Amino acid sequence: MRVDVWSDVVCPFCYIGKKRLEHVAAEAGIDLEIHWHSFELDPDAPAKHDTSNTERLAKKYGRTYEEMEEMERNIAAMAASEGIDFQWQKANSGNSFNAHRIIHLAQSKGLGNEAKEAVRTFLMNSHAEEAGLYAKILLKDAIGVGASTVNKVWPNLIPEFKLMLAPNK
């Protein structure tokens, strides 16, 4: 079954919804063909923030730091119930435009779901070694996106992805 989904890779609720859809489809014996469409929650966000996500989101939504921490703990608990390790204390999301570009390149090679998973895993577990390794293997080796392609197509790509996609030394 083809399912068209509009989502942002920095949105934990979108990721939770993706996992729930996959679980329900698997239980029902339905094969999904997910076609990803980009949606930017905050297209004016800078590529990276100097503050923690908690601090940035508290300011953005007019909440206290403590209220935002509680919300993030609740989101992490919902994510865990779907098998997602949401490391909200480490995450530092910013503008998602270039992440969407990576996913669309992968989708053009038939690997959109895998790329969406890799990018989300990386962003939800920012700087987590296994997430970075997973994204690197998928994006560089399986999809064949090397540093030269990255530098041509995404000159302002977030530094973490440039590092992950750099040729092995």
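**Helix packing in the predicted model**

Helices α1 and α5 cross in a left-handed sense. The axes of α1, which covers residues 12-28, and of α5 lie 11 Å apart and pack at an angle of about 135°. With roughly antiparallel helices requiring an angle over 145 degrees, α1 is therefore classed as oblique to α5. On the α1 side the contact is made by Pro12, Cys14, Tyr15, Lys18 and Lys19, and on the α5 side by Glu117, Arg120, Thr121 and Met124. By residue class, this contact of α1 with α5 comprises four nonpolar, one polar and four charged residues. The structure described here is a predicted model, and the values reported below were computed from it.

The protein contains eight helices and two strands. Read from the N terminus, the order of elements is β-α-β-α-α-α-α-α-α-α. Of the 169 residues in the protein, 44% are buried. When contacts between residues at least 6 apart in sequence are considered, 70% of them join residues at least 24 apart.

Helix α5 also packs against helix α4. Helix α4 spans residues 97-108 and helix α5 spans residues 112-124; their axes are 7 Å apart and the packing angle is about 155°. As angles over 145 degrees count as roughly antiparallel, α4 and α5 are therefore assigned to that class. The crossing of this pair is right-handed. The contact brings Ala99, His100, Ile102, Ile103, Ala106 and Gln107 of α4 together with Gly112, Ala115, Lys116, Val119 and Leu123 of α5. Seven nonpolar, three polar and one charged residue form the contact of α4 with α5.

The end-to-end dimensions of both helices were compared with expectation. For α4, twelve residues at 1.5 Å a residue should span 16 Å, and the separation of 17 Å between its end C-alpha atoms therefore agrees with that value. For α5, the 13 residues should span 18 Å at 1.5 Å a residue, in agreement with the 18 Å between its end C-alpha atoms.

In α4, the buried residues are Asn98, Ala99, His100, Ile102, Ile103, Ala106 and Gln107. Arg101, which also belongs to helix α4, has a relative accessible area of 31% and is therefore partly exposed, given that the buried class requires a value under 20%. The C-alpha atoms of Arg101 and Ser38 are 8.7 Å apart in space, although the two residues are 63 positions apart in sequence. Beyond the end of α4 comes Gly110, which has a positive phi near 80°. Helix α5 is mostly covered, with eleven of its 13 residues buried. The buried set in α5 consists of Gly112, Ala115, Lys116, Glu117, Ala118, Val119, Arg120, Thr121, Phe122, Leu123 and Met124. Among them are residues that meet α4, including Gly112, Ala115 and Leu123, and residues in the contact with α1, including Glu117, Arg120 and Met124.

A further helix pair is formed by α2, residues 53-61, and α3, whose axes come within 9 Å and cross at roughly 110°. Because angles from 65 to 115 degrees are treated as roughly perpendicular, α2 and α3 are therefore placed in that class. The crossing of α2 past α3 is right-handed. Asn53, Thr54, Glu55, Leu57, Ala58 and Tyr61 of α2 make the contact together with Tyr65, Met68, Glu69 and Glu72 of α3. Five nonpolar, two polar and three charged residues make up the contact of α2 with α3.

Two glutamates of α3 were considered individually. Glu69 lies in helix α3, and, apart from neighbours within four places in sequence, Glu69 is in contact with Thr54 and Trp88. The C-alpha atoms of Glu69 and Trp88 are separated by 8.8 Å, the two residues being 19 positions apart along the chain. Glu70 is likewise found in helix α3, which spans residues 65-80. With a relative accessible area of 46%, Glu70 is partly exposed, as the exposed class begins over 50%. The C-alpha separation between Glu70 and Thr54 is 9.8 Å, across 16 residues of chain.

Definitions and conventions:
Residues are numbered from 1 along each chain as its sequence is written. This is a predicted model: local features need pLDDT of at least 70, side-chain atom pairs count only at pLDDT 80 or more; totals for chains, interfaces and linings use all residues. Side-chain values use heavy atoms; hydrogens and water are left out. Axes are lines fitted to C-alpha atoms, for helices over the stretch in contact, and angles run from 0 to 180 degrees between N-to-C directions. Helices (H or I, at least four residues) and strands (E, at least two) are DSSP runs, numbered from the N terminus. Angles under 35 degrees count as roughly parallel, over 145 as roughly antiparallel, 65 to 115 as roughly perpendicular and the rest as oblique. A crossing is left-handed if the near helix is turned anticlockwise from the far one by less than a right angle, and right-handed if clockwise. Contact means heavy atoms within 4.5 Å. Ala, Val, Leu, Ile, Met, Phe, Trp, Tyr, Cys and Pro count as nonpolar, Asp, Glu, Lys and Arg as charged, and the others, Gly among them, as polar. The expected span of a helix is 1.5 Å times one less than its number of residues. Buried means under 20% relative accessible area, exposed over 50%, partly exposed in between (1.4 Å probe, protein chains only).
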